[in-house]
Amino acid sequence: MSQNKLMTGIVVGAAVGALVSLLDRNTREDVMNKSRKASENAKYYASNKDELKSAFKEQAERAQNLYARISEDASYVGSKVEQVKKLVPEVKEVAQDARGAVMETKEAVVESKDDVMSAVKEDNPSPSSSLTDDSSSTNGSSSNNTDSQNQNRN
């Protein structure tokens, strides 16, 4: 019984809505034009059933072609998604390898820096020691050279 009231309410609501919308002049004209056109099309296709069949067939072919294109596009997108899924672990591995290489390079640079710094400290002694070290080594080697030359003469 409630279904009957529901259906009655829907039908009455639709009828009232249609009547209210027809109060507008533009809506009435639009409804009249579309009704005339639908009536003319119905009469035309009633007398030309073959053309109606070909029109339906053409629309069905268009729908099938659209479905085929959508299906192809969906399978193409699906294959690309699979390729991306396969690439993600490879890219992750490459990124980890690159990170390791960068860390190794950083460590090598730090070690090289430390080596250079210690070499500079060794090659650049304090000013007071460099003067005494240089003069004693130069004087010592000069006197040694002179002594060896004197021995060779004798």
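**Salt bridges within the helices**

Modeller: Asp 30 is partly exposed, with 38% relative accessible area; buried here means under 20% relative accessible area, exposed over 50%, and partly exposed in between (1.4 Å probe, protein chains only). This is a predicted model, in which local features need pLDDT of at least 70 and side-chain atom pairs count only at pLDDT 80 or more, while totals for chains, interfaces and linings use all residues. Residues are numbered from 1 along each chain as its sequence is written, and side-chain values use heavy atoms, with hydrogens and water left out.

Asp 30 pairs with Lys 34 in a salt bridge, with 3.6 Å between the closest N and O atoms; the term requires a side-chain nitrogen of Lys or Arg within 4 Å of a carboxyl oxygen of Asp or Glu. The two residues sit four apart in helix α2, about one helical turn. Helices (H or I, at least four residues) are DSSP runs, numbered from the N terminus. Lys 34 is exposed, at 56%.

Helix α2, residues 25-47, also holds Glu 29 and Arg 25, again four residues apart and about one turn. Their side chains form a salt bridge at 3.5 Å, N to O. Glu 29 is partly exposed at 41% relative accessibility, and Arg 25 is exposed at 58%.

In helix α3, residues 49-123, Glu 82 and Lys 85 are three residues apart, about one turn of the helix. Their salt bridge has its closest N and O atoms 3.8 Å apart. Glu 82 is partly exposed at 41%, whereas Lys 85 is exposed at 53%.

These pairs are among the four salt bridges found in a search of the whole structure.
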